[in-house]
Amino acid sequence: MIKLQNLHKSYPMGKDSLHVLKGLDLHIKEGEFVSIMGSSGSGKSTLLNIVGLLDEHDEGTYHLNGQLIEKLDEKKAAILRNRFLGFVFQSFNLITYKNALENVALPLYYKGMNRKERQKIALKYLDKVGLKDRAEHLPSELSGGEKQRVAIARALVTNPKVVLADEPTGALDSSTSHAVMELLKEISREGMTVFVITHEEDIAAGTDRIVRLLDGVITSDEKTNKKVKV
């Protein structure tokens, strides 16, 4: 589903450049539940941005669902994101003046779906995350855990191949974090690939595979029950 080979990424820093990703090789299969761990500056956010088609790599190859990703203009990148990817963010990124149902339905609006149909589908996904009865509530009327579940429903509503979750539990307490991770695990069991960025060991331990980054290189890649490679 996601295949990176010899991936490099640098950013200009005045007259110099900062080499953030240094020849990454990573293969994530369909339906895997994978966490990417690393301290600040390890390159995990850059990796997420490249996998999420929000940034471009400099060298190497990236295949998404068998398609080579290279030299995409923003329009093509947006089409691929809408087709294959769903995003969940630490800060939820919900629109404050829209209720839960409207927030979940928003990606379907961009697909050109009519209002009745998108509301029907959005309600189905709110029900899936246990928030059907909160459909008419604004984000300000929801708890942190409820906001994140709305964000997960929004990520799922287009039926993407991959869900990219950037520190999805970073703003939540431990019990709510556990509930969110259980929801992501359930999504993975249904066949969706789930890619979680985190710096929390207990959150990573809830995934099936942990990839650790340090200074732009992969230092270990392990199943949570047995080692794959180092």
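How many bridges join β3 to strand β8? Five bridges join the two strands, β3 and β8 (residues 193-198), and they run parallel. The model is a predicted one, in which local features need pLDDT of at least 70, side-chain atom pairs count only at pLDDT 80 or more, and totals for chains, interfaces and linings use all residues. Residues are numbered from 1 along each chain as its sequence is written, and side-chain values use heavy atoms, with hydrogens and water left out.

Strands (E, at least two residues) and helices (H or I, at least four residues) are DSSP runs, numbered from the N terminus; two strands pair if DSSP finds at least two bridges between them.

Strand β3 (residues 33-37) is mostly covered, with five of its five residues buried (under 20% relative accessible area; exposed is over 50% and partly exposed in between, with a 1.4 Å probe and protein chains only). Phe33, Ser35 and Met37 point one way from β3, whereas Val34 and Ile36 point the other way, and all are buried.

Two packed helices are described by the angle between their axes and the distance between the axes. Helix α5 (residues 144-156) packs against helix α6 (residues 174-189) at an angle of about 15 degrees, and their axes are 10 Å apart. Axes are lines fitted to C-alpha atoms, for helices over the stretch in contact, and angles run from 0 to 180 degrees between N-to-C directions. α5 and α6 are therefore roughly parallel to each other (angles under 35 degrees). The contact (heavy atoms within 4.5 Å) is made by Gly145, Gln148, Arg149, Ile152 and Leu156 on the α5 side and by Thr176, Val180, Leu183, Leu184 and Ile187 on the α6 side.

The structure holds two aromatic pairs (ring centres within 6.5 Å; planes under 30 degrees apart count as stacked, over 60 as edge-to-face). Phenylalanine 87 and phenylalanine 89 form a stacked pair, 6.0 Å centre to centre with 5 degrees between the planes. Phenylalanine 87 counts as buried because its relative accessibility is 15%, whereas phenylalanine 89, at 25%, counts as partly exposed. Tyrosine 109 and tyrosine 110 form an edge-to-face pair, 5.4 Å centre to centre with 75 degrees between the planes. At 59% relative accessibility, tyrosine 110 counts as exposed.

Definitions and conventions: Parallel < 35°, antiparallel > 145°, perpendicular 65-115°, else oblique.
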